[in-house]
Amino acid sequence: MRIFKPAIRYGYLVDYFRRPFNVPGLSMHLIEITARALIVKNEQIVLVKHKKLNVSFMPGGHVEFRETVEEALIREIKEELGLKAKVKDLWAIMENFFPQNGKDIHEISFIYKTDLLDLPSDQTIKSCEDQLTAFWAPLSDLEKHNHMPKQLISHLQNDLNKQEPLHLSLIHI
């Protein structure tokens, strides 16, 4: 009898090969914690676009076990854009509920205002990951870039200078 030692990854059980570990009676609902960078300059925002899915979003990604949200954001910016980042003020906490690959996802995102420390003088930005493209987009054109989640667009366009962090709940299920 072969025994797999389950581990927790992104809020659910996985086996040694990071496949979902099915336990009778265990829900396949996932809770994910992510960190996102709000990088705005001259009414433009840095976005990354997933080439296959054709959706764009703010740079960032999953928080790993024993990693703070700020550490995750600095790591993700380095991985995605190849740049150093300075995490500034918390802009929003966003709860996003959506289906993905037959599972219900509950994503909790911490969105921080962020500065890029070693941005080239010509302000060009590129992705270090093959599946992503990075670019500056005018805040007024986020709909054209298929920004996800769509409910966040109006907040990005209207609430950038709020003093208190926003708490957003976006339900798609």
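A residue counts as buried when its relative accessible area is under 20%. Keep that cut-off in mind, because at 17% relative accessibility Glu67 counts as buried. What you have here is a predicted model, and its protein chain holds 2 helices and 11 strands. Of the 173 residues, 40% count as buried.

**Confidence**

- The average pLDDT of the protein chain is 84, and 82% of the residues score at least 70.
- Among the elements, H1 has the highest mean pLDDT, at 97, while strand S1 (residues 7-9) has the lowest, at 45.
- Over residues 1-21 the pLDDT stays under 50. The model still gives that stretch 35 contacts beyond four places in sequence.

**Overall layout**

- Reading from the N terminus, the elements go β-β-β-β-β-β-β-α-β-β-β-α-β.
- Take the contacts with a separation of 6 or more: 59% of them are between residues 24 or more positions apart.

**The five-stranded open sheet**

- 5 strands make up an open sheet with mixed pairing, in the order S7-S3-S9-S8-S11.
- Its edges are strand S7 (60-62) and strand S11 (166-171), each of which pairs on one side only.
- On average, neighbouring strands in this sheet are turned by 20 degrees against each other, ignoring direction.
- If you want a spot to look at, Ala35 stands opposite Gly61 in S7.
- As for what holds such pairs together, strands of a sheet pair through backbone hydrogen bonds, either parallel or antiparallel.

**Strand S5 and its partners**

- Strand S5 (residues 44-50) is mostly covered, with 5 of its 7 residues buried.
- S5 pairs with strand S4 (residues 40-41) in the antiparallel sense, over 2 bridges. Lys41 has Gln44 of S5 as its bridge partner.
- The S4 and S5 hairpin has 2 residues between the strands, and Asn42 takes a positive phi near 50 degrees there.
- S5 also pairs with strand S6 (residues 55-57), again in the antiparallel sense, over 3 bridges.
- S5 and S6 form a hairpin as well, this time with 4 residues between them. In that turn, Asn54 has a positive phi of about 55 degrees.
- With strand S10 (residues 132-138), S5 makes 7 bridges, also in the antiparallel sense.
- Val48 is a handy landmark: it stands opposite Phe57 in S6, and its bridge partner in S10 is Ala134.

- Glu67 sits in the loop between S7 and helix H1 (69-81).
- What does the side chain of Glu67 reach at 2.9 Å? The backbone nitrogen of Glu64.
- The Glu67 side chain also makes a polar contact of 2.7 Å with the side chain of Arg75.
- Setting aside neighbours within four places in sequence, Glu67 is in contact with His62, Ala72 and Arg75.

**Leu152 and Asn158, around H2**

- Leu152 lies in the loop between S10 and H2. This leucine counts as buried because its relative accessibility is 0%.
- Beyond its neighbours within four places in sequence, Leu152 is in contact with Met58, Trp91, Met94, Ile111, His147 and Leu168.
- Leu152 and Leu170 are 18 residues apart along the chain, and their C-alpha atoms are separated by 8.4 Å.
- Is Asn158 buried or exposed? Asn158, placed in helix H2 (residues 153-158), has 61% relative accessibility and so counts as exposed.
- Between Asn158 and Leu139, 19 residues apart along the chain, the C-alpha atoms are separated by 9.6 Å.

Technical notes: Residues numbered from 1 in each chain as written. Predicted model: local features only at pLDDT ≥ 70, side-chain atom pairs only at ≥ 80, totals over all residues. Heavy atoms only, no water. Buried < 20%, exposed > 50% of the residue type's maximum accessible area, 1.4 Å probe, protein only. Contact = heavy atoms within 4.5 Å. Pairing = 2+ DSSP bridges. Axes fitted to C-alpha atoms, helices over the stretch in contact; angles between N-to-C directions. Polar contact = N/O pair within 3.5 Å; in protein donor to acceptor, adjacent residues only side chain to side chain. pLDDT = per-residue confidence, 0-100.
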